[in-house]
Amino acid sequence: MRILLDYRPALRNRTGVGEYVHELARALAATAQPDESVTLFSASWKDRLSPSAVPGTRTVDRRIPVQLLNLAWHRLGWPSAESLAGGPFDIVHSGHPLLMPARRAARVVTVHDLDFLDHPDRTHAEIRRDYPSLAAPHALRADHVIAVSRHTARQVTNRLGVPESRLTVCSPGAPDWSRRLTEPADGVILFLGSIEPRKNLAVLLDAYEQLRAHAAGPVPRLLLAGRAGAAAAPLMERIGRPPLAGWVDLPGYIDPDRRLEVYDRALVLVIPSHTEGFGIPALEAMTRGIPVIAANRGALPEVVESAGRLIDPDDAQALAHAIRSVVGDRAERDRMREAGWRQAQRFTWRESAREIREAWAMAVERRLKDRD
C-alpha cells in the first residue's frame, strides 16, 4: 500500500497535532509492512522538511506558500495530491479535518477536536475562514475519518454526521520514557501546552492566587510552558502584575528534545482546559510518573480516568483545593504516580499504527466500491 501522509503540522513548533503526526509516522516506520511505503508530504515557502525527519519514510518537500496551497485545496479541491507528490498513491491522509484532494487515492482525514465550531474566535484567521463551514462536507466526502479519542468520535458523529461505520478511533501512544523514581526538591506546578484562552489558564491563575493567599507554608512556583500567541496578551499582562509577579515562569515553546527535562521539574501537571480532543501532556506526565490534575471535560476523563484528579474547570476554588491536597501529600502523589503509570501503559504507538492500517484498508475498500 502506498500512503501519502500530510506532515505539515509537524514541520515546526510541534504541539499536539504536530506531535501526533510525527509520532504516528515514526510508529508506522517502526512497524513497516512488506508491501507498504509511507511518504511524508510538506509544502511551505520558508520551512523545509528534512529527508531524515522520520527514518524509514520517503519525503516530498514542495516550495509552495502554506496559505496559498490550503486555499486551493480547501476551496477548489485542486491540485491533486498525486500531482504535487508525484504519485500514484493508494491513500492520501490529512492531519486535520479538511481533505487532501486526490484523483484516485482513498482520502482519509483526522479530527482532533471540534472546538472551532463553538469558538472560532479562539482560532487563527485561516481556520476561522475554512473549518467551521467546510469540516462537515469534507468529513462526509472522506473515505474514512480518524478521531483521536472516543469523545471526539462521538462529536464527529453527532455534529458532522459521519456514520460510525466510516469512523475509527486512533489515540496517541505513550512516549518511550522510563518512570522517574524521585521527585525534584524544588518541584513546580506545571502546565504544558499553548498559552492561549482556550486552555482556560485564567482559572489556573485564579487558583494559584488563592493558593498563595491562603498558604500556611511555601507554595511551589507555577511554570506555564508553551508558545504564547497574540491572544495571550491579557494573560501575560496579568502575570506581570502583583500578586503573580515573580512567581510564574514562562519559558516559551518547549522543543520536543527538552520536554522530558521540563516534566522532570514538576510535582504535578495541571490541565484546566474546557475541552481537549485528547490531551497528550496528561499521557506524557503519567508515563513519567507525574500526578495529573485535569478538567472533567472533553477527552481528559477518558485519558486520565481514576489515575488523576478531575475537577470542574470553572471552579477555581476546587482547582486550588486539588492542587493543595496533591502538592501537600507525598503519599497521595505516590498513589497517583503508580496509578498514572499503569493507565499510561494502555496507550501504545504500535496499537495506533495497527488501528491506522485497519482504517486505511476500510478507506481503500470504500473507494473501490464507489468506483464500481
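Two residues are taken to be in contact when heavy atoms of theirs lie within 4.5 Å. The structure examined here is a predicted model, in which local features need pLDDT of at least 70 and side-chain atom pairs count only at pLDDT 80 or more, while totals for chains, interfaces and linings use all residues. Residues are numbered from 1 along each chain as its sequence is written, and side-chain values use heavy atoms, with hydrogens and water left out.

Setting aside neighbours within four places in sequence, Trp177 is in contact with Arg259, Leu260, Tyr263, Glu284, Thr287 and Arg288. Trp177 has a relative accessible area of 19% and therefore counts as buried (under 20% relative accessible area; exposed is over 50% and partly exposed in between, with a 1.4 Å probe and protein chains only). Its C-alpha atom is separated by 9.8 Å from that of Gly289, 112 residues apart along the chain.

Beyond neighbours within four places in sequence, the contacts of Glu276 are His151, Lys199, Ile271, Gly298, Ala299 and Leu300.

Turning to helix packing, Leu283, Met286 and Thr287 in α10 meet Gly340, Trp341, Gln343 and Ala344 in α13. The residues of this contact divide into four nonpolar, three polar and no charged (Ala, Val, Leu, Ile, Met, Phe, Trp, Tyr, Cys and Pro count as nonpolar, Asp, Glu, Lys and Arg as charged, and the others, Gly among them, as polar).

Helix α13 itself has 15 residues, which should span 21 Å at 1.5 Å a residue, and its end C-alpha atoms are 21 Å apart, in agreement (the expected span is 1.5 Å times one less than the number of residues). At the start of α13, a side-chain oxygen of Asp329 reaches to within 3.1 Å of the backbone nitrogen of Ala331. The buried residues of α13 include Glu332, Arg333 and Met336, and the buried residues of this helix pack against β11, α10, β12 (292-295), α11 (300-304), β13 (309-311) and α12 (316-327).

How values were computed. Helix = DSSP H or I, 4+ residues; strand = E, 2+ residues; numbered from the N terminus. Polar contact = N/O pair within 3.5 Å; in protein donor to acceptor, adjacent residues only side chain to side chain.
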